[in-house]
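Reader: I am new to this structure. Please take one part, the open sheet, and walk me through it closely.

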Amino acid sequence: MDRVLKHLIVISFDGLASQDFEYIKALPSFKEFLMKASYCKKVYSVYPTLTYPAHATIVTGKYPKNHGIINNTLFQPNRKSPDWYWQRKYIKGETLYDAAIKKGMKVAALLWPVTAKSKIQYNLPEIFANRPWQNQIMVSLLNGSPLYQIDLNNKFGHIRQGLKQPYLDDFVHQSLLHTIKEKKPDITLVHYVDLDTMRHYHGFNSKEAREALERHDRRLGDIIRTLKENDMYENSTIIVLGDHSSLDENKIINLNVLLRKNGYIDLDNSLKITAYKAIMKNCDGSAYIYVKDKNDAKLIRNIYSLIEKFNYEHKCIETIYTSKQAEELGADPDCAFMLEANKGYYFGDSVEGEIIKHINPEEVGHVLHVTKASHGYSPFKKDYTTIFMASGKGIKEGIIVEEMNLIDEAPTMAKLMGLELKEADGRIIEQFLQ
């Protein structure tokens with residue numbers, strides 16, 4: 001396979017949705033970008049539609065069941081804040097950046113999920129200090145490229161205010177522009193979280209979400225200008241994509257309370273889980289039900305009946321998928337069931353309190369896991385797709401593909417770089433390529 005271009009810049013705007021297209025196409029930088037771009041404004045994400053499964057798919061072309069990132073967070077029942085799938089070791093098989101590095105290419109990744117402790121040469125990984133004794137800068141340094149990160153922290157660390165947005169994205173953005181200019185990587189992966197954060201805390205169509213889109217527009221303009229100023233633009237392809245959409249909600253389904261009340265979860269006096277026969281692990285808009293013994297058909301039938309009866313009364317769950325159906329949708333085949341929440345609802349892991357909690361707006365942004373909009377739902381929910389846009393070397397102008405899948409992005413990007421991802425579930429979108 002021949003390599004078409006010198007520089008591939010993949011910009012992930014977390015939470016960018018198909019419904020944003022009409023708004024962003026009128027913003028100055030997006031408008032200029034789209035004049036020469038080809039795009040698909042109806043991209044089906046993966047199930048569950050969460051950031052980590054989606055970003056692992058974007059670089060592997062595989063469904064979560066095949067790349068192994070089946071949720072954002074690990075199954076750690078007694079942790080209020082479980083660890084995330086931060087490290088590269090969790091991804092099964094080859095990624096786009098692995099294939100590139102094998103061919104001698106330079107890769108930079110800034111806040112790209114599931115890249116900690118990878119072989120990426122310029123790596124500022126997305127990982128946060130999740131233990132009281134940990135320090136954020138040290139955790140990042142130990143999981144990425146230390147000298148590269150020290151340089152970025154010295155130059156731009158003053159911009160950051162912990163994990164607060166838009167300051168974190170502003171830090172990442174200045175780090176990215178510096179990396180393009182100084183390192184000129186063959187492949188650059190950057191993940192901006194500003195929009196997703198604003199939607200979680202203020203709602204899908206909020207003023208804050210629109211302002212985040214406007215900031216993203218300025219960021220895109222800065223990237224294009226930096227490429228031009230450094231004589232890289234003519235040999236570059238810029239890809240702008242989203243990973244999932246989101247939906248407004250105001251109720252949390254704490255199904256573990258139901259399981260506990262029916263004797264499937266045991267707690268000690270401090271409300272710590274000591275044993276379980278069945279337990280729910282949330283994926284926000286969807287959830288996995290895991291059982292201790294997957295061969296216990298009677299237990300599985302009883303759990304199914306319990307959830308079905310509860311749902312008959314409360315109408316909060318849209319669908320209960322069997323393990324086989326979850327696997328067919330690309331999700332974790334090890335679950336006993338997968339649950340899809342109705343619009344307006346999402347799942348929480350709490351083992352105490354109300355089974356259905358009506359959200360107090362004052363708790364949003366102040367109480368852990370309480371939000372105004374969520375994702376994680378089925379990618380086939382109505383008006384719930386994302387976007388893929390590409391412009392530059394090797395890309396035809398003005399091609400509009402009606403529909404595609406997130407699994408198609410990695411094989412398409414690999415072809416542009418003269419690489420092949422043999423295990424990908426997706427297809428190359430040849431219509432985009434010259």
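Author: The open sheet has eight strands, in the order β4-β3-β5-β1-β6-β17-β2-β18, and its pairing is mixed. Two strands stand at the edges: β4 (122-124) and β18 (404-405). Each has a single partner strand, so one side of each is left without a neighbour in the sheet.

This is a predicted model: local features need pLDDT of at least 70, side-chain atom pairs count only at pLDDT 80 or more, and totals for chains, interfaces and linings use all residues. Residues are numbered from 1 along each chain as its sequence is written, and side-chain values use heavy atoms, leaving out hydrogens and water.

Some terms come next. Strands (E, at least two residues) and helices (H or I, at least four) are DSSP runs, numbered from the N terminus. Two strands pair if DSSP finds at least two bridges between them. Strands of a sheet pair through backbone hydrogen bonds, either parallel or antiparallel.

Strand β3 (residues 107-110) and β4 run parallel, joined by three bridges. A109 has N123 in β4 as its bridge partner.

Helix α14 (residues 409-416) lies across β1 (7-13), β2 (38-44), β6 (236-241), β17 (386-392) and β18. The helix runs at about 170 degrees to β6. Axes are lines fitted to C-alpha atoms, for helices over the stretch in contact (heavy atoms within 4.5 Å). Angles run from 0 to 180 degrees between N-to-C directions.

C40 counts as buried (under 20% relative accessible area, with a 1.4 Å probe and protein chains only), because its relative accessibility is 0%.

How values were computed:
Buried < 20%, exposed > 50% of the residue type's maximum accessible area, 1.4 Å probe, protein only.
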